[in-house]
Amino acid sequence: MKRQPLEPTLEDIERQHLRRRRATVVAYPEKGSHVEVIVDGRKLVDFSSNDYLGLAAHPALAAAMAECAERCGAGSGASHLISGHGHEHAALEEELAAFVGRPRALLFSTGYMANLGVVSALASRGESVLLDRLSHASLIDAGLLSGARFRRYPHCDADAARRLLAESTPQTSVLATDGVFSMDGDIAPLAALSQAARAHEAWLVVDDAHGIGVLGANGRGAVELAGLGCDDVPVLVGTLGKAFGTFGAFVSGSQDLIELLIQRARSYIYTTALPQPVAAATRAALKIAREEPWRRERALALTARFRAAAHEAGVPLADSVTPIQPIPLGDARIALAAQQALREAGFWVVAIRPPTVPAGSERLRVTLTAGHEGNQVDALVGALAEALRRIRASSAPS
Ligand SMILES: *Cc1c(COP(=O)(O)O)cnc(C)c1O
């Protein structure tokens, strides 16, 4: 087909209320504040970041980054297998492995790349990959890229996963799921999935981008919360741009798993190593996450406060106990109107629409962090209730 004009496609996206627009955000305009942002000159309280522990703007991270940049420079200069693998990377990998209580960890530049690398290394053409229907886009793309046959089971339905594993030819080599689902906040049934994967000798890959640092007695995430270890969940993916406030990702598991990824994961091999200052800042973040458990406790306590207040105020909630709190609205236009109303009330909460979520499940996605204050949470609930009341009144049939 010849080159086509793009305008009609863009107009079509706009008509469906699915046009995405970026806001240019000035983050953390005041020292010490971890939640205020300035958007179009207006100061808003940010309830949409993934900075669950309030670390992204922590001065210790900035100091570690600056000190490392002075010492090592800004860039790593090459990939890990050439000359880009430095002391900060090596030390961070050891500390990450210790944090999650596993033999070894491997740093990736992003979570997206970690998932591509892991799934492609463990599954190939002629095998099959099984995913939760609401898995993160990076896991879906990983399944596609691997060239394996890939199928999805209904959200959080471990029985369905087990059935698909049993009837799967070719053999399923990878069963992958989010630990905490990124847009829904609910937690995968990891114990049941782990049993199913073991019974059918599949690799269980858990991408716990939103659980690590937040859930579990030691902040090791959804796997720890489920009481599972490295034998139950042999492949754990974590990201560093969420609870740890920096950038990057890691995969952790056995010595052999990591050694195989170094040989086979193309998104690890063929890309420039993360800048060492980013690794240094992440080491500072890990230290704080270990030493200040009050941060994850506070994020979860504010989550409980938000849920109680929202329930009281008649704001719809989803079935999530994590700091990801979707407000189901079911319509892109309503979700955008709610986002706009909250913005006018001083809150930055983003509408989530297809293709990020299935049509009919449009929502606002509220996130709670250790940086929020209780009264900000209460004020958000008040603004949400008011916004939904106004939107419903104006769209009710007359
Ligand atoms: C954010 C996210 C990723 C991607 O991580 P990045 O480091 O931002 O590329 C992967 N999986 C899940 C579940 C995520 O939420």
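Me: Which element gives the largest share of the shell around the ligand?

Reply: Helix 4 (residues 111-122) does, with three residues. Helices (H or I, at least four residues) and strands (E, at least two) are DSSP runs, numbered from the N terminus. Please note that this is a predicted model, in which local features need pLDDT of at least 70 and side-chain atom pairs count only at pLDDT 80 or more, while totals for chains, interfaces and linings use all residues. Residues are numbered from 1 along each chain as its sequence is written, and side-chain values use heavy atoms, with hydrogens and water left out.

Me: How many residues surround the ligand, and which are the closest?

Reply: A residue is near a molecule if one of its heavy atoms lies within 4 Å of it. Here 14 residues surround the ligand, and Gly111, Tyr112, Asp207, His210 and Lys242 are the closest. By class, the shell comprises two nonpolar, nine polar and three charged residues. In this scheme Ala, Val, Leu, Ile, Met, Phe, Trp, Tyr, Cys and Pro count as nonpolar, Asp, Glu, Lys and Arg as charged, and the others, Gly among them, as polar.

Me: Where does Asp207 come within reach of a nitrogen atom of the ligand, and at what distance?

Reply: A polar contact is a pair of N or O atoms within 3.5 Å; within protein, one must be able to donate a hydrogen and the other to accept it, and residues adjacent in sequence count only if both atoms are side-chain atoms. A polar side-chain atom of Asp207 lies 2.5 Å from a nitrogen atom of the ligand. An N or O atom in the side chain of His210 is 2.5 Å from an oxygen atom of the ligand, and for Tyr112 a backbone N or O atom lies 3.0 Å from a ligand oxygen atom. The ligand taken alone exposes 380 Å², of which the protein buries 82%; accessible areas come from the Shrake-Rupley method with a 1.4 Å probe, and for residues only the protein chains shown count as cover.

Me: What is the volume of the largest pocket, and which residues lie nearest its centre?

Reply: Rolling a probe the size of a water molecule over the atoms shows where empty space is left. On a 1 Å grid over the protein atoms alone, a cavity is a set of points where a 1.4 Å probe fits but cannot get out, and a pocket is an open set with protein on both sides within 12 Å along at least five of seven lines; lining residues have an atom within 4 Å of a point. Grid points are joined across faces, edges and corners, and a volume is the space filled by probe spheres set on the points. The largest pocket has a volume of about 1,100 Å³. Its lining has 36 residues, and Arg21, Trp348, Val350, Ala351 and Ile352 lie nearest the centre. Strand 1 (25-27), helix 13 (332-344) and strand 13 (350-352) are the elements that give two or more residues to this lining, with the largest share, four residues, from helix 13.

Me: Which domains contribute to the lining of the largest pocket?

Reply: Domain bounds come from an automatic or database domain assignment. Domain 1 (24-57 + 293-395) and domain 2 (70-291) each supply at least three residues of the lining of the largest pocket. The lining of the second largest pocket likewise draws at least three residues from each of these domains. That second pocket has a volume of about 300 Å³, and of its 16 lining residues the closest to the centre are Leu134, Ser135, Pro355, Thr356 and Val357.
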